[in-house]
Amino acid sequence: MKITIIAGSNRKDATSTQLCRYIARLLEEKQCQVTLFDLYEKPLPFYNGDLDQTDANIVEMRQRLLEADGIVLATPEYHGSVSGVLKNALDFTGFDHFDGKVTLSVSSAGGAVGVSSLQHLQTMVRNLHGINCPEWISIGGAQRSFTPEGEPEDAKTRERVLKTVGYFAQMVSAFRK
Ligand SMILES: Cc1cc2nc3c(=O)[nH]c(=O)nc-3n(C[C@H](O)[C@H](O)[C@H](O)COP(=O)(O)O)c2cc1C
């Protein structure tokens, strides 16, 4: 199964991106073929609606989404919503990229949980005709610490992420075209 992860932070050491790397590792252990598209490393121009926006990063992100069986979208919680860079990236996508594909929403928040950004993300997924994974992942506050090996330091967070990623992988397998 092919999984594309979009890391939606524009910050170098973003905890949401560290979480994406950990999720990628767990999915690879389940024999998934994972692509992590990091919007910090591969920034996109602002969407302007012109058909000639053919920047290489736009083309690559769209291609990775087209070939995916399942998608993970990760965002930092900014003012109770998703990051600007992730919203901008999603504006370059449409039904072709998401229709019928199970999509897992993930967030990192300064507060205890980032439910508000997750709800907004799931609204966007529904409008893109993706299938929202009923489980989602939010890390917040002290849960945002990672070991040098890239694992969440908190054992309960590791357990929760592992369980959710397993649930997501099963759903992708069941809905895959
Ligand atoms: C512009 C801005 C807005 C933020 N708004 C919220 C917020 O509404 N709720 C919250 O819990 N944390 C908020 N935070 C804190 C971030 O969610 C927190 O630092 C998060 O871990 C950032 O994710 P990252 O490590 O992936 O960059 C905000 C941070 C910034 C820079």
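# Group meeting: a walk through a predicted model

Setting aside neighbours within four places in sequence, Met 1 touches Gln 31, Cys 32, Gln 33, Asp 69, Ala 169, Val 172, Ser 173 and Arg 176. Keep in mind that this is a predicted model.

Where does Met 1 sit? It is in the segment before strand 1, and that strand covers 2–7. Met 1 counts as partly exposed, because its relative accessibility is 23%. Now look at Gly 70. Met 1 and Gly 70 are 69 residues apart in sequence. In space, their C-alpha atoms are 7.8 Å apart.

How many disulfides does the model have? The count is zero. Cys 32 is in no disulfide. Its nearest cysteine sulfur belongs to Cys 133, and that sulfur is 13 Å away.

Now the ligand. How many residues surround the ligand? There are 15. The closest are Arg 11, Thr 15, Ser 16, Glu 77 and His 79. What kinds of residue form the shell? Four are nonpolar, eight are polar and three are charged. Which elements contribute? Helix 1, residues 15–29, supplies at least two residues of the shell. Strand 4, residues 102–109, also supplies at least two.

A backbone N or O atom of Gly 80 is 2.9 Å from a ligand oxygen. Ser 108 uses a polar side-chain atom, and that atom lies 2.9 Å from an oxygen of the ligand. For Gly 110, a polar backbone atom is 3.1 Å from a nitrogen of the ligand. How much of the ligand does the protein bury? Taken alone, the ligand exposes 630 Å², and the protein buries 69% of that.

Stay with His 79, one of the closest residues to the ligand. It lies in the loop between strand 3, residues 70–76, and helix 3, residues 84–90. Is His 79 buried or exposed? It counts as exposed, because its relative accessibility is 87%. That value counts protein chains only as cover. The backbone deserves a look as well. Most residues other than glycine have a negative phi. His 79 is not a glycine, yet its phi is positive, at about 50 degrees.

His 129 has a phi near 70 degrees. His 129 lies in the loop between helix 5, residues 115–127, and strand 5, residues 131–132. It counts as partly exposed, because its relative accessibility is 39%.

His 129 leads us to Gly 100. Leaving aside neighbours within four places in sequence, Gly 100 is in contact with His 129, Ile 131, Phe 175 and Lys 177. Gly 100 lies in the loop between helix 4, residues 95–98, and strand 4. At 23% relative accessibility, Gly 100 counts as partly exposed. Take Phe 175 from that contact list. Gly 100 and Phe 175 are 75 residues apart along the chain, and 7.4 Å separates their C-alpha atoms.

Next, Ser 9. Where is Ser 9 found? It is in the loop between strand 1 and helix 1. Ser 9 is buried, because its relative accessible area is 1%. Its side chain reaches the backbone nitrogen of Arg 11 at 2.9 Å. Remember that Arg 11 is among the closest residues to the ligand. Beyond four places in sequence, Ser 9 has contacts that include Ser 16, Asp 38, Leu 39, Tyr 40 and Val 85.

Last stop, Leu 86. This residue is in helix 3. Leu 86 counts as buried, because its relative accessibility is 0%. What does Leu 86 contact, beyond four places in sequence? The list is Ile 6, Gly 8, Leu 39, Ala 74, Thr 75 and Leu 121. Leu 39 is also a contact of Ser 9. And Ile 6 is 80 residues from Leu 86 in sequence, with 8.1 Å between the two C-alpha atoms.

Note on methods:
Residues numbered from 1 in each chain as written. Heavy atoms only, no water. Near = heavy atom within 4 Å. Polar contact = N/O pair within 3.5 Å; in protein donor to acceptor, adjacent residues only side chain to side chain. Areas by Shrake-Rupley, 256 points an atom, 1.4 Å probe, with all protein chains shown as cover. Helix = DSSP H or I, 4+ residues; strand = E, 2+ residues; numbered from the N terminus. Nonpolar A, V, L, I, M, F, W, Y, C, P; charged D, E, K, R; others polar. Buried < 20%, exposed > 50% of the residue type's maximum accessible area, 1.4 Å probe, protein only. Contact = heavy atoms within 4.5 Å. Disulfide = S-S within 2.5 Å.
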